[in-house]
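Me: I have a new model open and want to learn how to read it. Can you take me through it feature by feature?

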Amino acid sequence: MNQNPSVFGGAMIIAGTVVGAGMLANPTATAGIWFAGSLAVLLYTWFSMLSSGLMILEATTHYPQGANFDTIVSDLLGRGWSIITGLSVAFVLYLLTYAYIFTGGNLTAQALGAPLPVGQIVFTLVFAGCVWWSTFWVDRATSILIGGMVITFLWANGGLLGSAQSAILFDTLAGSHGGNYWIYLGTALPVCLASFGFHGNVSGLFDYFRGDAKKVARSLWLGTLIALVIYVLWQFAVQGNLPRSQFAPVIAAQDNVAALLAALSQVAGSGLVKVLSFFSYMAIASSFLGVTLGLLDYLTDLFSFGRNRAGRSKAAALAFLPPLVACLLFPTGFVIAISYVGFAATVWTAFVPALLLHACRKKFGAGKGYSVYGGRWLMVWVFLFGLANVAAQVLSRANILPVFTG
């Protein structure tokens, strides 16, 4: 088989990794700042996360293909930062893999009419097999899944997009609320950061494109833009039909997504829930592929596994077996730690990229080969983006930031 990687295929890996089932919860998480506010935060987060990903790419170009966080961070920032980065990368990617095996396995079990453990094993074997075989098969699988997601998304939301009302969208039904929007900005920021995570795939794509950094950069741009468009359309569909004042029961519900879909079904009909369940499954599967591909590439670099089939098999065993076993023994154990993903992700999607670019240009100079746009201002921008997200999470946990309740 002629495995010629394309920018479109790379973009599908990025879009598939980014657009997880968590996007269904975005309208509820951003209900406080509503549509205009959510657009501003999504654009701010998209630009910041894309920029930090391109920073990682520039640093990666100065190392051999296959080099990942461990090699690059160790060389540029020292062993201490490498340990911190490695712990945060492993925590986020393993926990997400654990969560995706549970949710994807649950849906698989329901479809097969089988017990939950069977669904978890089948889900893992099928999609882990694609990751183990090659990045090329992840490229093809995510392309198919993203295509299915777009079809089901438009099918489910076609009516909602057409029936959106400007009075609901801009919350003018009950008149102006003055400062009752931006005070909820802090609680929306970390959710949006989690909606644009793809950084574990940058070094792997550089290897996949055989060192062609420009192709990787175009893949990052296209993939994240596809995700941004999907997010904006979903916000438009939900927040253009369900008034902000009616979000109280959705927010209060234990399962926000189920409550949101139930509320929307009153507008679009019960068929919406069924179609979006297909969308959710494909979103979970595509995110699983992207997240575990990043985890496998990281482990390959960390343990210096060979880039042959034997080396890939060792990395795959380390990537998939621990979360699968944990899921079989403790199906919902990830819930205890999932709320800390935002903290850990901020380390290697904001702080470390900014520091890497500074150290990279100090060591190798700027303008040699691929260079991300911007100079010192971009490093400061991304670092402050990280600080804003950490502050938002700390203040939220301390019950200092106001929380929108409907």
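Reply: Start with pockets. On a 1 Å grid over the protein atoms alone, a pocket is an open set of points where a 1.4 Å probe fits, with protein on both sides within 12 Å along at least five of seven lines; lining residues have an atom within 4 Å of a point. Here the second largest pocket has a lining of 22 residues. T135, D207, D297, R307 and R312 lie nearest its centre. One caution: this is a predicted model, where local features need pLDDT of at least 70 and side-chain atom pairs count only at pLDDT 80 or more, while totals for chains, interfaces and linings use all residues. Residues are numbered from 1 along each chain as its sequence is written, and side-chain values use heavy atoms, with hydrogens and water left out.

Me: How much space is in the second largest pocket?

Reply: A volume is the space filled by probe spheres set on the grid points, which are joined across faces, edges and corners. For the second largest pocket that comes to about 480 Å³.

Me: Which helices supply at least two residues each to the lining of the second largest pocket?

Reply: First, what counts as a helix: a DSSP run of H or I, at least four residues, numbered from the N terminus. The helices in question are α7 (135–163), α10 (202–208), α14 (271–302) and α15 (309–329).

Me: Where is the kink in α15?

Reply: The bend at a residue is the angle between axes fitted to the seven residues ending there and the seven starting there. In α15 a kink of about 25° lies at L321, shortly before the proline P322.

Me: Which residues of α15 are buried?

Reply: Buried means under 20% relative accessible area, exposed over 50%, and partly exposed in between (1.4 Å probe, protein chains only). An α-helix has 3.6 residues a turn, so residues three or four places apart point the same way. In α15 the buried residues are G311, R312, A315, A316, A319, F320, P323, L324 and C327. R312 is also among the residues nearest the centre of the second largest pocket.

Me: How many residues of α1 are buried?

Reply: 10 of its 12, so α1 is largely enclosed by the rest of the structure. Among them are G9, G10, M12 and V18.

Me: What does the side chain of D139 join in a polar contact?

Reply: A polar contact is a pair of N or O atoms within 3.5 Å; within protein, one must be able to donate a hydrogen and the other to accept it, and residues adjacent in sequence count only if both atoms are side-chain atoms. D139 sits in α7 and is buried, because its relative accessibility is 0%. Its side chain joins that of Y208 at 2.8 Å.

Me: How far apart in space are W133 and R312?

Reply: W133 and R312 are 179 residues apart in sequence and 8.2 Å apart in space. W133 lies in α6 (residues 116–133) and is partly exposed at 41%. For A350 and F383 the figures are 33 residues and 5.8 Å. A350 belongs to α16 and is buried at 0%.

Me: Is W34, with its positive phi, buried or exposed?

Reply: Read the backbone angle, then the accessibility. W34 has a positive phi of about 55° although it is not a glycine. W34 is in α3 (residues 34–60) and is buried at 2%. R210 also has a positive phi of about 55° without being a glycine. R210 lies in the loop between α10 and α11 (213–239), and is exposed at 54%.
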